[in-house]
Amino acid sequence: MHTVVLARYNEALEWIVDIPVDFNVIIYNKGEEITSPEVLERADEIIARPNIGRESETYIHHMMTRAPDNRDFTVFSQGDPLTHSPDFIALLKNWRKWDDVQALSWQWLEANNIPPADLMERYQQYFPLQLRVRPETFSLMDWKALEFNDPGAWNMGLVYKILEGISTNTSNIAAHVLKKWKLDAQAEEAARHTVGVFSYGAIFAVRNYHVARLSSESKQLIYDFATGEAKANGYILERMWLHIFGESFYRRIPFIDQHASALNLPGVTDTTRMDLSDLVLGLADQGMSMNDVGALLQNVMRERLEEMKLAAHQPAE
């Protein structure tokens, strides 16, 4: 049987009476005691959890303690999915049409105009008869959405890069974090691409056998990440859930010149790389923007690449 897992704080839950009978309902409660007779009757389990780690802690705790290896779906959602997914109940009723890893949300907050109303209206014009579900595309490099201005997500991506000590210009956040979680195959795929997709509010469904295939080590690493002190971690995970379970990445990175890698030029000593790192920090301390610093370093690397190409074509003495 399919399952709906709800990460609840203090949201009203009376809406769950409309969840189809195809689904068990498990509520992880991080807030006040649930006393509603309707909710108590419909819920199959209500489990108290400490209020840590946002919905991500709830999700990965469930995955660590319940891992049936079958083709049934588990739906993961916050306590109020309807804000992000107005057609949530109708989507549950259409589970036979889902992909193995299925986004189930439409928007972040309509009141905040995210995504912009004109974008959503145009999208609905393309699909006038379909239920409202729309995975959002985003940059693996800076975390912002591709179809509209998304400064909040860009800030979260920048915070992650700073905390992890990785390049603010050239780092692939998805590849980095997936490698931290020992998800090497997904990390390698992310490193070859620049675009991902996510479901607002971390509302999605996945077939249980995908969850069962996650190693215990990876689950623990994700749990530790979800419960870490950095507030950005929850937002990083929100955009990674679909890819953790195998959703494809898109838009291949440009091919690297055969003579060099932009991040690891052959023939450059560790001392030289350290000098470059010190140069970056020094220029930033003096007020140069990271865009200008990045452009300067790219020019230096291009010049070094041309020197290597010329040297490769010189006849041996």
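## Burial and the model

A residue counts as buried when its relative accessible area is under 20%. The structure described here is a predicted model.

## The chain overall

The protein chain has 317 residues, and 44% of them count as buried. Its secondary structure consists of 13 helices and 9 strands. The accessible surface is about 16,900 Å², with 52% of that area belonging to carbon and sulfur atoms.

Taking contacts between residues at least 6 apart in sequence, 63% join residues at least 24 apart.

## Glu57 in helix 2

Helix 2 covers residues 54–65 and includes Glu57. Because its relative accessibility is 0%, Glu57 counts as buried.

The side chain of Glu57 makes a polar contact of 2.9 Å with the side chain of Lys30. Another polar contact, of 3.0 Å, links the side chains of Glu57 and Tyr223. Neighbours within four places in sequence aside, the residues in contact with Glu57 are Lys30, Arg49, Pro50, Ile52, Tyr223, Ala226 and Thr227.

Strand 8 spans residues 204–207 and is covered on both faces. Phe204 and Val206 lie on one side, Ala205 and Arg207 on the other, and all are buried.

Strand 4 (residues 73–78) runs antiparallel to strand 8 and is joined to strand 8 by 4 bridges. In this pairing, Phe73 stands opposite Arg207. Strand 5 (residues 101–103) is also antiparallel to strand 8, with 3 bridges between them. Here Val101 is opposite Val206 of strand 8.

Definitions and conventions:
Residues numbered from 1 in each chain as written. Predicted model: local features only at pLDDT ≥ 70, side-chain atom pairs only at ≥ 80, totals over all residues. Heavy atoms only, no water. Helix = DSSP H or I, 4+ residues; strand = E, 2+ residues; numbered from the N terminus. Buried < 20%, exposed > 50% of the residue type's maximum accessible area, 1.4 Å probe, protein only. Contact = heavy atoms within 4.5 Å. Areas by Shrake-Rupley, 256 points an atom, 1.4 Å probe, with all protein chains shown as cover. Pairing = 2+ DSSP bridges. Polar contact = N/O pair within 3.5 Å; in protein donor to acceptor, adjacent residues only side chain to side chain.
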